[in-house]
Amino acid sequence: MADFQQIQTELLARVGESTEPRSVLRAPELRELYSGIRDANDKAAYGAQVNELKAQLEAAISARESQLAEVDLEPIDVTAPMDTNAPVPSLLPTEQGTIHPLSRETARIIDIFARMGFVAEQSREIDDQYHMFETLNFPKGHPARDDYDTFMTVETDADGEPLIAPAHTSTMQNRVLKKYHDKLEAGEAIAAIVPDRVFRNEDLDARHEHTFYQLEGVYVAKGVHAGMLIATLQEFLQAYYGQDLDVRVNPFYFPFTEPSFEFALSCPFCKGQDSNCKVCSGEGWVELLGCGMIHPNVLKAADIDPSVYTGFAFGCGIDRLIMMKHQIEDIRHLESAKLDFLEQF
Ligand code: PHE
């Protein structure tokens, strides 16, 4: 019977410690005690003893269950400052993260355009030459295709042309025009922006990265003219920089806009005073964006009748916008993952 007492003590102890005390009733030791009744000399006395143990266990289980239900949780003050002396300090964050300047500024830009009625669309990181060139009035063999330093992949599309990493967000123009085509019939304007990543296989310097961000803008309706393009961009730049700026608008060339323009901002670093300035090379101006009136062939490629509708488009370097705003002298800082740089924002 020593065995019996030992089992009894152990099972009761187990109930006292368990977080699921009822499971002790399924313990193999208890089952064995029950099957022992068959072989016991005094079956009645032995049976009574086992039943007595069962009753004790039931009582202990109820007690343990109410004890578990009662555990007093200490109230947590979620607004309390972080306890740096807490037991495992190495697992606690000792510094707060910050939102990356590219994300923060892109959100601001989207917000400004949203208030002007533009919807935001996403670009893609692999595209075909049909969207990047063909629909943008660069026929095959057009020399301006080479200006885009495009990364080609080894994969090809149905025409056997290499797929590419888009070198400008204009690669989305045709899709955006088609997607919102119905708005024109409803007498509304197509007004969309595409802020996203683009890639160029070019030499890196303080102003050039192989991977950077652009903001495409597309606006089409009846009677759209170049004055509306300039006014929209000036409105945006004023809202983004919170001040009037020295902006220079020069004629330019893009196959997909006619006429085309280039916007430059006066260099905030040297104001044209330093012929060795890393940012403007002493020119006093930093090219910020390209824009123009959408070429009739681009509208036609999206089944829009250029004799009825006109529109403007612009493509702006988001990194450049941010650099000029925060006087960052080297574009490469933005993707450098240097904490001492990023923590300033
Ligand atoms: N996609 C052009 C570039 O990256 C910019 C641009 C966009 C120009 C839209 C005109 C209209 O250089």
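Start with Glu10 and Arg14, which form a salt bridge with their closest N and O atoms 3.1 Å apart. The term here means a side-chain nitrogen of Lys or Arg within 4 Å of a carboxyl oxygen of Asp or Glu. Both residues belong to helix 1 (residues 2–17), and because they sit four residues apart there, about one helical turn separates them. Helices (H or I, at least four residues) and strands (E, at least two) are DSSP runs, numbered from the N terminus. Glu10 is partly exposed at 43% relative accessibility, and Arg14 is partly exposed too, at 29%. For these labels, buried means under 20% relative accessible area, exposed means over 50%, and partly exposed is in between (1.4 Å probe, protein chains only).

A word on the ground rules: this is a predicted model, where local features need pLDDT of at least 70 and side-chain atom pairs count only at pLDDT 80 or more, while totals for chains, interfaces and linings use all residues. Residues are numbered from 1 along each chain as its sequence is written, and side-chain values use heavy atoms, with hydrogens and water left out.

How many salt bridges does a search of the whole structure find? It turns up 15. One of them joins Arg115 to Asp111, at 3.0 Å from N to O. Arg115 is exposed, with 65% relative accessibility, whereas Asp111 is partly exposed at 38%.

Now look at Asp127 and Arg175, whose salt bridge has its closest N and O atoms 2.7 Å apart. Asp127 is in the loop between strand 1 (119–120) and helix 5 (129–132), and Arg175 is in helix 6 (residues 173–179), so this pair ties together parts that are 48 residues apart in sequence. Asp127 and Arg175 are both buried. There is also a network of salt bridges to find, linking Glu134, Lys140, Arg145 and Glu161.

Back to helix 4, this time for its crossing with helix 10 (residues 318–326): the two axes come within 10 Å and cross at roughly 100 degrees. The axes are lines fitted to C-alpha atoms, for helices over the stretch in contact, with angles running from 0 to 180 degrees between N-to-C directions. Helix 4 brings Pro101, Leu102, Glu105, Thr106, Arg108 and Ile109 to the contact, and helix 10 brings Ile318, Asp319, Leu321, Ile322, Lys325 and His326; contact means heavy atoms within 4.5 Å.

Stay on helix 10 for a moment. Seven of its nine residues are buried, so count it as mostly covered. The buried ones are Ile318, Asp319, Arg320, Leu321, Ile322, Met323 and Met324. Just after the helix, Gln327 takes a positive phi of about 55 degrees. Gln327 lies in the loop between helix 10 and helix 11 and is partly exposed, with a relative accessible area of 43%.

Next, the rings. A search of the whole structure finds 15 aromatic pairs. Rings of Phe, Tyr and Trp (its six-membered ring) pair if their centres lie within 6.5 Å; planes under 30 degrees apart count as stacked, over 60 as edge-to-face and the rest as tilted. Phe133 and Phe138 make an edge-to-face pair, 5.0 Å centre to centre with 75 degrees between the planes, and both are buried. Why is the pair of Phe252 and Phe254 tilted? Because their planes are at 45 degrees, with the ring centres 5.2 Å apart. Phe252 is partly exposed at 41%, while Phe254 is buried at 15%. For an aromatic cluster, pick out Phe113, Phe118, Tyr219, Phe236, Tyr240, Tyr241, Phe312 and Phe314.

The peptide bond from Glu258 to Pro259 is cis, with omega near -5 degrees, and Pro259 lies in strand 7 (residues 257–266). Asp303 has a positive phi of about 60 degrees although it is not a glycine; look for Asp303 in the loop between helix 9 (296–300) and strand 9 (310–317), where it is exposed at 60% relative accessible area.
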